[in-house]
Amino acid sequence: MDFKGYTMNGLGNDFLILDNRTKPTILSNEQIRHLANRDNIGFDQLIIIESGNDSAHNILFYNSDGEEAEPAEMEVDVYRTYSWKKKK
């Protein structure tokens with residue numbers, strides 16, 4: 001499994017961000033659980049950014065158990081911070 005990801009944390013939660021707009025990475029639920037394990041990268045939530053229509057982005061959120069999740073305020077803040085840092 002070869003990919004480039006970014007880690008961030010906020011309020012005690014760890015996040016892994018995969019920006020699939022340039023080099024798509026497809027992960028199974030099992031692979032997400034493996035990466036989320038603290039013996040590996042370790043994270044509470046995975047955020048995947050995919051290309052969308054008309055410059056909008058599709059953003060997917062996954063919990064460390066590999067299941068898709070609904071975004072909460074913290075996840076949106078992490079995405080916003082990532083996007084802001086990438087523009088610098």
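From the N terminus, the elements of the protein follow the order β-β-α-β-β-β-α, a total of two helices and five strands. Helices (H or I, at least four residues) and strands (E, at least two) are DSSP runs, numbered from the N terminus. The model is predicted, with pLDDT of at least 70 needed for local features and 80 or more for side-chain atom pairs, while totals for chains, interfaces and linings use all residues. Residues are numbered from 1 along each chain as its sequence is written, and side-chain values use heavy atoms, without hydrogens and water.

Of the 88 residues in the protein, 34% are buried, meaning under 20% relative accessible area (1.4 Å probe, protein chains only). Among contacts (heavy atoms within 4.5 Å) between residues at least 6 apart in sequence, 51% join residues at least 24 apart.

Strand β3 covers residues 45-51 and includes Gln45. Gln45 counts as buried because its relative accessibility is 8%. Beyond neighbours within four places in sequence, Gln45 is in contact with Asp14, Phe15, Leu16, Phe61, Tyr62, Asn63, Ala69 and Glu75.

The lining of the largest pocket consists of Phe3, Lys4, Tyr6, Leu18, Asp19, Asn20, Thr22, Lys23, Thr25, Tyr82 and Lys86. Two or more of these residues come from each of β2 (13-19) and α2 (73-87). A pocket here is an open set of points on a 1 Å grid over the protein atoms alone where a 1.4 Å probe fits, with protein on both sides within 12 Å along at least five of seven lines; lining residues have an atom within 4 Å of a point.

Technical notes
Buried < 20%, exposed > 50% of the residue type's maximum accessible area, 1.4 Å probe, protein only.
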